[in-house]
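Here is a friendly walk through one structure, taking in its charged pairs, a helix and some rings. Have a look at it first, then read on.

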Amino acid sequence: MIEHNDDMQNEHDDNQETITRVTGMYKDWFLDYASYVILERAVPAIEDGFKPVQRRIMHSMKDLDDGRYNKVANIVGHTMQYHPHGDASIADAMVQIGQKDLLIDTQGNWGNILTGDRAAASRYIEARISKFGLDVVFSPKITEWQAYYDGRRKEPVNLPVKFPLLLAQGGEGIAVGLSTKILPHNFIELIDASIKHLKGKRFTIVPDFPTAGIADFTNYNDGNRGGKVRVRAKISQLNKNTLVINEIPFTTTTSSLIDSILKANDKGKIKIKKIEDNTAADVEILVHLPSGISPDKTIDALYAFTNCEVSISPLGCVIEDNRPLFIGVSEMLRRSTDNTVQLLKQELEIRLGELEEQWHFASLERIFIENRIYRDIEEEETWDGVIGAIDKGLKPHIKHLKRKVTVDDITRLTEIRIKRISKFDIDKAQQKIEALEEQIAEVKHHLEHLIDFAIAYFTRLKKDYGEGRERKTEIRIFDDVDATKVVIRNTKLYVNREEGFIGTSLRKDEYVGDCSDIDDIIVFTKSGKMMVTKVDSKTFIGKDIIHVAVFKKKDKRTIYNMIYRDGSRGASYIKRFAVTSITRDREYDLTNGNKGSVVWYFSANPNGEAEVVSVSLRQVGSIKKLKWDIDFADVIIKGRASKGNVVTKYAIKRIELKEKGVSTLKPRKIWFDDTVQRLNVDGRGELVGEFRGEDRILIITQAGIVKTIIPEITAHFDSDMIVMEKWSPKKPISAIYYDGDKERYYVKRFLVENENREDVFISEHQDSQLEVVSTDWRPVAEVVFAKERGKDRRENLEINLEEFIAIKGINALGNQLTKYKVNQVNLLDALPYDPPKETPANEIEVVDEEVVSDKDNQVTDALKKSDKEEDEGQTTLF
């Protein structure tokens, strides 16, 4: 029995030894898998800029290269010898390389990066290595080789790429635990930056996208983690009801862009009539707008709510020494350039060795034939005797050689044919040796001046391959788009004043106005409370609402005029204030905070208007003055928390509006920031002028278009704009233009006849062009004549345009400038002139963005509804 138990125990111990814990195995396997994905699949190498699949594709294409196109399916099949994965992943990777139009010459339908259309099947499309690819990617003599996965053949560890290819093509990949996103850069700019680095100068590089567009690289952060690039579509106004998109942001396609626009339209963020996609070789998307919709605001809305603006976050991650390395694009370029210098050095050293070998054998051959050493072997019967005889014959003549003569050298001499010996030309042999010496000297010079050689190499690349590779993406600093200012007001706001509710679902109650679902609403109550809250279907604010409006953040021009009683029996105060910043959904008390406070009078004034009101007191005791007027213009505008000035300590019977006011604010100063091509009121850029309600901006373009616009902050401007200034309706515009039909120069002076219309003031012939335009009162022009053959050049002619031609209609042809051939026309300093005086600036004011509607301002009605008697028998009436 005891023996049996021992056997059972031994068997149990044996079973215990076979148990293996999977914890450690899982950890090892996961690390192996993660390392494989990082090193072999997703992240490019710093040395050549290729992922393994891309490197194997290029190596396979070099294997098959004979100068002709090969079927992509054939290349994919050949690549599978090196790449142990499916054909689909190889074909997709090859199409991506081909679409970048740098290393591969393509033939057939390779897809379209603009529309997102896929390439045709690999059996239908063809490819070969481009001349640029052959020039910079391959150099077998300096390539390091390794056995590929099944050991049958060899593949390159890294290709000897002599160019910052990774930065030119860009790269993106998602691995286990990390990712990389290197944006493409401009071919020419990369070469220029490499040359600057070699010269020891500083450089800066920013991306350039194949889809073009406009980009703000302010926060690029050199391509490191945490950087951000904002890219926008290029949108222009075709006419007042049509926008055209000619370039799209990187990472988008025309299809995805159109889908995002339609989605924003469905959500009510923007209003469009229809979209036409006319994209072929170039992008052309027409966005048709309903009548009455502002094109400028729609452009901003497209940037705010659609893929017309995208944000891209770069992340520079590469493989170096089989480890991931996070570096910026500037460091990538430095390393690539330094690596190129070393590769060029290796090629030069190999070339020098080859030339020296050629010189060595050419010299031996000349000695062997010129001194007829071949005759010394006639008596020899053995191979060793032949070798010895030649060696002995060479010794007197080899002192100038650069290395010892080896048996292999002598063997090569014995292989020279009799025909060559018989036709040997000593002069030609000497010329060959001298040519080799010149080449050797040249290579040695390059090695001694390696940096100069590398600079010449990059300069040659730019000359040979830089044509047509100019920057596509326009660099610009973007102004932030305030979504609340450009969103379409797609819903209606209602108020129940008595119960204290506002919202979009209160359709049976009082209509306030239109708003959007991202707006904030500002609300005031009779008790002197204020709150700003988000638009919602139904929100309780507080009973007896007296004013509701859409709130504009940082609005310093809307001034609130208020008279209130402090507490149930306190004095009454008057105050004026603006509301520029708040905490949403927080209740603010505009009175002193005492219980029983009540608002006697309230008005909201979008331009700081100051009205005159009549205050009437109740007959109590021996009060002598029961009625007087108060002008809000006499009250200083302060913060919302200010107590205000005392109106009276006695009980007020009613307050009535006596006279509507005008603005107490100065005209709005508007600046133009040329960097972002936008107007602003923040003092950035050049001052355009001080603008009142009816004032407009004059715009003239190089294409001969003149128009006036309302000075809205959301306005967009044409790239060929040459004049932008405050418009003076009585100030004439003078222009000198070339008429392509009559082939003559003409002068005209005119006034803008219709401020709401865009006019062309030069002839419509395709060769017509605007020479000069002036908005001075008395402009002077200088005409420089062309030199006629055999004659002296005519003296320059100065013309006072005011005397030369009277003001005519905008469509008039004008007066002919001269009958002689003109070289150029210049504007000179204008003659002095005293312009008519304008109305004083403090008498009227421009409306900021949108005027608050009459319903928003009719606080009187709201206060009249609150006609309940107070404890002391007072009522609030206007």
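Which ring does the charged end of arginine 640 sit over? That would be the ring of tyrosine 588, with the charged end 4.5 Å from the ring's centre.

## Before we start

What you see is a predicted model, where local features need pLDDT of at least 70 and side-chain atom pairs count only at pLDDT 80 or more, while totals for chains, interfaces and linings use all residues. Residues are numbered from 1 along each chain as its sequence is written, and side-chain values use heavy atoms, leaving out hydrogens and water.

## Charges over rings

Arginine 640 and tyrosine 588 give us one case of a charge over a ring. The term applies if NZ of Lys or CZ of Arg is within 6 Å of the ring centre and within 35 degrees of the ring normal. Arginine 128 does it too: its charged end sits over the ring of tyrosine 69, 4.3 Å from the centre.

## Salt bridges

Side chains of opposite charge can pair when their charged atoms come close. A salt bridge here is a side-chain nitrogen of Lys or Arg within 4 Å of a carboxyl oxygen of Asp or Glu, and searching the whole structure turns up 46 of them. Take glutamate 347 and lysine 162, whose side chains meet at 3.3 Å, N to O. Glutamate 347 lies in helix 11 (residues 329-370) and lysine 162 in the loop between strand 5 (154-158) and helix 7 (165-169), so this pair ties together parts that are 185 residues apart in sequence. (Helices, H or I with at least four residues, and strands, E with at least two, are DSSP runs numbered from the N terminus.) Lysine 162 is buried, at 3% relative accessible area, whereas glutamate 347 is partly exposed at 23%. Those words have cut-offs: buried means under 20% relative accessible area, exposed over 50%, and partly exposed in between, using a 1.4 Å probe and protein chains only.

Aspartate 409 and arginine 403 form another salt bridge, with their closest N and O atoms 3.0 Å apart. Aspartate 409 is buried at 6%, and arginine 403 is partly exposed at 30%. There is also a network of salt bridges, which links Lys234, Glu247, Glu474 and Arg476.

## A look at helix 5

Helix 5 covers residues 87-99, and its end C-alpha atoms are 18 Å apart, in agreement with the 18 Å that 13 residues should span at 1.5 Å a residue. That expected span is 1.5 Å times one less than the number of residues.

Among the buried residues of helix 5 are Ile90, Met94, Val95 and Ile97. The helix's buried residues pack against helix 3 (52-64), helix 4 (72-79), strand 2 (104-107), strand 3 (126-129) and helix 7; contact means heavy atoms within 4.5 Å. Just after helix 5 comes aspartate 101, with a positive phi of about 55°.

## Rings in pairs

The whole structure holds 22 aromatic pairs. Rings of Phe, Tyr and Trp (its six-membered ring) pair if their centres lie within 6.5 Å; planes under 30 degrees apart count as stacked, over 60 as edge-to-face and the rest as tilted. Phenylalanine 209 and phenylalanine 217 make a tilted pair, 6.3 Å centre to centre with 40° between the planes, and both residues are buried.

Tyrosine 564 and tyrosine 573 are stacked, because their planes are at 25°, with the ring centres 5.7 Å apart. Tyrosine 564 is buried at 0% relative accessible area, and tyrosine 573 is buried at 9%. Elsewhere, ring pairs link Phe132, Phe163, Phe187 and Tyr465 into a cluster.
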